[in-house]
Amino acid sequence: MLAAAQFLYNLLDINKWVNYLVHEFNDRPHHIIIESLLALLVVRLMLRKSYNPSKKQKLTSAEEEQLIAEWQPERLTPSLTSFQQSRTFPVVESASGPFVTVGGKQYLNFSSFNFLGIANDDSIKKSCRETIEKYGVGSCGPRGFYGSFDVHLDFEKAIAQFVGTEDSILYSDGLAYITSVIPAFSKKGDLIICDSGVNYAIQQGILLSRSDVVYFKHNDMEDLERVLKEVDQKSRKLQKPLTRRFIIVEGIYQYYGDLVPLKTIMQLKQKYKYRLILDDSIAFGTLGKTGRGTPQHFGVDIKDVDMYCSTVDMSVATCGGFCAGNNQIVDHQRLSGAGYCFSAAAPPYSSAAGIVGLDIINSRSHLCATVRQKAARMRKALVNIGGVELTGDEVSPMLHLRVTNSLGSPQLDGAFLHGVQQQLWGQGIAAVVTEFNPSERRVPSPSLRVTVTAAHSDNDLDKASKSIIAAFKEAFSKTRK
C-alpha cells in the first residue's frame, strides 16, 4: 500500500516533471517538441465533441425533392469533342474488293485487309451456301457445350496441315484469340518480354494474364538482348524461383507495317530459354513462297515457334483466329482459352469458307507473290513525299504514312491526316487514319494507313499514289498559310 502511495506521489510531483522536461529539452530538443505536440493532439481529440448525425436537422420533403432535382450525375465517359461529334462512318454496300461501294458511289479500296483479294471468290460463296443449307447459320453455343460442329474440326485440321504443326485450335473472334492464348499460359508471377509496338489485342492479353511484363524498344534486337541479360542477371542474383517466361512479337506489326527479324528472335529465345508467342496475322497468307507466313519467309522451322497465332479475318477472308502448335499446347487451351470455352463457336459456314480459303492459297500461291509485288510498287511511289515518313517493310501489304515533324500534338497530327483522308475520299479513294482505343497505354503517332491487295491493278496503284502525294502537298500548303 505504501509502495503504491509513493508511486502515485512521484507521478504527480510537478517538480520532477519540470526537471525531466528541462533535461530532455537540453539534450534532445526536437524529440521533446514532437512529444509535446502529440500530447496536445491527444488531449484535443479527447475533448472534442463526437459527431452525431442523428442530431442534425432533417430536411423537409420539399428540400429533398429540390436537392434531387438539382443533382447532376457524373458522366461515365468524357464528352465528345466537336471533331468526334462531326464524324460520320462509311457504310459499305458491296463486297470487299479492289473497289467498294459507299453511299451509292464506288471507291478505290485501300482500307481492306482482304490482302489476297479472295473475299468475294465464287468457290467460297458456294461453300457457304451449301453449309448454311446443311447446318443453318449460327452455332448457338460454345465449343465445349454442343457448339462444336464437324466443320470446325475440319478447319482446325486444315490449319494444322497448312502451317505444318501437330494441331490447331480455332477461336470464333479475330480479336479474342490472342487475348485468350496469352493468359491461358502466362499467369501471375510469370514473365513476359514484349515488343513495345504490339497491337491492342496483345496488350489486352498481357493485361488479363496479370504477369510481370518488360517491354523492349520496338523491333530493336539489341535492346531485346539487353533486357534478357538484365532479367537473367537479376534472377541469378536474387535466386528467384523458376517461372514460365515468354517473348511476344508480331510477324508484321499492325501499327507500323515493319517485319520482325524472326531469326534473331529465335536465337535469343533459345539462348535465354524463353517460349515464343508469335502473332502472324498480317504475314499469314502474304509472306513466304506459299503463304505460310513469317517462319517460311525466314526459313524458320514452324515447330520451333511454341505458339503460332493468326487471325483468319485477313488473307483467308473469313472470321476468327487460331493458335497452332503441338498437341499439348492445343489441348491445354480447350480448357483454359477463355474465348474458346465461353464464346459462341464460329458459324459453321465461316469455317467452311476458311477451308476453301486455305485451298485457294495452296492452289494459287502466286497470289502471295503478287501482293508483295504490288506493295513494293506502292511503297516505291510513296517513299519520297516531303514532310512524310513512310513505315512498312517492302514485303508488307500494309503501309503507314506519318508526318515527320509533329504539328504539336497527336490530336493535331490526326486532324491533319483526316484532312488528307477527306481529300482522297473526294477523289474516290478510300484509305484509313489509324485510331486507338482510349484504354491503350502504348500507341504510336497517328498515320494514314494504306493496304494493298493482290486484286489491285497497276493502274489502281498509280492512281492512288499520285492522289496521295497530291493530297499531302495540298494539306501542307494549307498549314503554312
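Q: Which residues is I468 in contact with, leaving aside its neighbours within four places in sequence?
A: Those are L382, I385, L401, L424, L448 and V450. Contact here means heavy atoms within 4.5 Å.

Q: Before I go on, what kind of model is this, and how are things counted?
A: It is a predicted model, where local features need pLDDT of at least 70 and side-chain atom pairs count only at pLDDT 80 or more, while totals for chains, interfaces and linings use all residues. Residues are numbered from 1 along each chain as its sequence is written, and side-chain values use heavy atoms, with hydrogens and water left out.

Q: Thanks! Back to I468: where is its place, and is it buried or exposed?
A: I468 sits in helix α19, residues 458-479. Helices are DSSP runs of H or I with at least four residues, strands are E runs of at least two, and both are numbered from the N terminus. I468 has 2% relative accessibility, so it counts as buried. The cut-offs are under 20% relative accessible area for buried, over 50% for exposed and partly exposed in between, with a 1.4 Å probe and protein chains only.

Q: How many bridges join β11 to β14?
A: Four, and the two strands run antiparallel. Within that pairing, L399 stands opposite V450 in β14, and V450 is also one of the residues that I468 contacts.

Q: What about β13 and β14, how many bridges there?
A: Two, again in the antiparallel sense. V432 has R449 of β14 as its bridge partner.

Q: Are the faces of β14 covered or open?
A: Both faces are covered. On one side of β14 (residues 448-451) L448 and V450 are buried, and on the other R449 and T451 are buried too.

Q: Switching to Q423: where does it lie, and what does it touch?
A: Q423 belongs to helix α18, residues 410-426. Not counting residues up to four places away in sequence, Q423 touches A471, E474 and A475. Its relative accessibility is 15%, so Q423 counts as buried. The C-alpha atoms of Q423 and S467 are 8.7 Å apart, though the two are 44 residues apart along the chain.

Q: Where do K273 and N219 lie, and what are their phi values?
A: K273 is in the loop between α12 and β7 (275-279), and its phi is near 65 degrees, a positive value in a residue other than glycine. K273 counts as exposed because its relative accessibility is 67%. N219 lies in the loop between β5 (212-216) and α11 (221-238); its phi is positive as well, about 55 degrees, although N219 is not a glycine.

Q: Zooming out, how many helices and strands are there, and what does the C-alpha trace span?
A: The chain has 19 helices and 14 strands, and its C-alpha trace spans about 110 × 60 × 50 Å along the principal axes.

Q: And how much of the chain is buried?
A: Of its 481 residues, 45% count as buried.

Notes. Pairing = 2+ DSSP bridges.
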